[in-house]
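The sequence and structure come first.

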Amino acid sequence: MSVPHEAKPRTTAVVLAGGTGQRVGLSIPKQLLKIAGKAVIEHTLTIFENAEDIDDVIVLMAPGFVPDVEKIVAKAGLTKVTRIIEGGSTRNETTERAIAALGEGLAEGEDRNVLFHDAVRPLLSQRVIKDCVDALDRYQAVDVAIPSADTIIVTRTHGEDGEFITEVPDRSRLRRGQTPQAFKLSTIRKAYGIAAGDPNFQATDDCSVVLKYLPDVPIYVVAGDEYNMKVTQPVDVFITDKLFQLASTAAPRQADEAAYRELLSGKTLVVFGGSYGIGADIATLAESYGASVYALGRSTTGTHVENPVHVEEALSKAYGETGRIDYVINTAGVLRIGKLAETDNATIEEALSVNYLAPVQIARASYKYLAETQGQLLLYTSSSYTRGRAEYSLYSSTKAAMVNLTQALADEWAGEGIRVNCVNPERTATPMRTKAFGQEPEGSLLSSEAVARTSLDVLLSALTGHVIDVRQQDPTAGAAESGFEQALASVLDRQEDV
């Protein structure tokens, strides 16, 4: 006779958002500051919304700003957020309010897992969440920390003479604390209950409360992430925004070929730059799954993407013949190598017209069609978008513009349900690249078919506002990595890519 599996306790994420924006020079709480087009707290709440191990979310918001968070939650459709309440005047008071809210409605003897997380840590990984929840199967208290890369010194102030070192602790034993901090609700509630009797009680984090008032309870440490940074200082805003820009996202694959056919059958794709290379492969692949595809290019249909009339005519024809446009893809581009000072005006105008103005015009013309189907615009960038390359100044700068255009339009068009994404393939075997660089060693380039396959996955996903890296590697390798791990891992790779 099998033993019944004990039900896993409910797990609640408590997002602590009681801080102000004073240290970053703001008149609003820093968790409402926009980074990568969204409020910091929206990024954080979305992480927990997508976490399989989290059942519900409670937000403790700075007094007077609860309605702001309610609007964010409603607009973003964050269904796991069940309560938004005002925090206290101190971190301790805010945690006490959360504990009280969590205890409401619990049956006698019932317990639950709770993760306390700073709202201004919007780069939390799913791996850390899972590790914390898993650790609560064995421990009553869990912290998250990373080794200290810096030497830590202890100082003492001597009057007007300033600070002097009194101790240099062994760095190998020092850790930098992060959040979330995870507990059994009964444990953290008991610790705060005891602390309430201490007239000198004061703490800046919750693990220290357990450590002081429940010294017999071991506090397990989960390995954190370097990029799980806290937005506290003005420089943090810049760094976090840049990390979001660099972060790549993996588009989910469909279960099987039948799933692709089911999702693409009856849909209409308009592919600009569809004469050859990635665009042609997307068209062929989508057509094989039953989509109506309009592959347009200068050498096949005489379509010049830099000509707004040609773009509008192509879209109008596709809509007139099928009654819908679900996806608009632009893979058209030109790559001219040379020093800017030696580049003639015609070459400059071509690069700007094809690589920048054309996508802008395509986006404008596509809007009304994609709003009707709540479809997607898919653009393409290059690994050179992260840093301009000598002799590729026009190409790399226009490709950086594609990332910004993607992120801006994703935010601008969210209300209409239009998704906008950008694919970032590493060096790919295309006629454009061969023309610029000649023949390159076999196996050193990504195939255009692989990029086309990932492009379809992006089109069929719910992603919007993302940069999706396509790299020449085992598709299962690094599957557990977060977008930020992938971004950091690929920075060195991009030094050689164009």
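The protein has 15 helices and 19 strands, where helices (H or I, at least four residues) and strands (E, at least two) are DSSP runs numbered from the N terminus. This is a predicted model, in which local features need pLDDT of at least 70 and side-chain atom pairs count only at pLDDT 80 or more, while totals for chains, interfaces and linings use all residues. Residues are numbered from 1 along each chain as its sequence is written, and side-chain values use heavy atoms, with hydrogens and water left out.

**Overall figures**

Of the 498 residues in the protein, 49% are buried. Buried stands for under 20% relative accessible area, exposed for over 50%, and partly exposed for values in between (1.4 Å probe, protein chains only). The protein exposes about 24200 Å², and carbon and sulfur atoms supply 50% of that area; accessible areas come from the Shrake-Rupley method with a 1.4 Å probe. Among contacts (heavy atoms within 4.5 Å) between residues at least 6 apart in sequence, 73% join residues at least 24 apart.

**Two helix pairs**

The table gives the geometry of the two pairs. Axes are lines fitted to C-alpha atoms over the stretch in contact, and angles run from 0 to 180 degrees between N-to-C directions.

| Helix pair | Angle | Axis distance |
|---|---|---|
| Helix 1 (residues 40-49) and helix 2 (residues 66-76) | about 50 degrees | 10 Å |
| Helix 9 (residues 277-288) and helix 14 (residues 448-459) | roughly 55 degrees | within 8 Å |

The angle of about 50 degrees makes helix 1 oblique to helix 2. Angles under 35 degrees count as roughly parallel, over 145 as roughly antiparallel, 65 to 115 as roughly perpendicular and the rest as oblique. The crossing of helix 1 and helix 2 is right-handed, a term for the near helix being turned clockwise from the far one by less than a right angle. At this contact, Ile41, Glu42 and Leu45 of helix 1 meet Val69, Ile72, Val73 and Ala76 of helix 2. By class, these are six nonpolar, no polar and one charged residues. Ala, Val, Leu, Ile, Met, Phe, Trp, Tyr, Cys and Pro count as nonpolar, Asp, Glu, Lys and Arg as charged, and the others, Gly among them, as polar.

Helix 9 and helix 14 are likewise oblique to each other, and their crossing is right-handed. From helix 9, Gly277, Ile278, Asp281, Ile282, Leu285 and Ala286 meet Ser448, Glu449, Val451, Ala452, Arg453, Ser455 and Leu456 of helix 14. This contact has seven nonpolar, three polar and three charged residues.

Thr454 also lies in helix 14. Its relative accessibility is 13%, so Thr454 counts as buried. Apart from neighbours within four places in sequence, Thr454 is in contact with Ile468 and Val470.

**Backbone details**

Most residues other than glycine have a negative phi, and most peptide bonds are trans. In this model, the peptide bond from Thr179 to Pro180 is cis, with omega near 15 degrees; Pro180 is placed in strand 10 (residues 175-184).

Gln374, not a glycine, has a positive phi of about 50 degrees. Gln374 is in the loop between helix 11 (345-373) and strand 15 (376-380), and is partly exposed at a relative accessible area of 49%. Glu391, also not a glycine, has a positive phi of about 70 degrees. The loop between strand 15 and helix 12 (393-412) holds Glu391, which is partly exposed with a relative accessible area of 36%.
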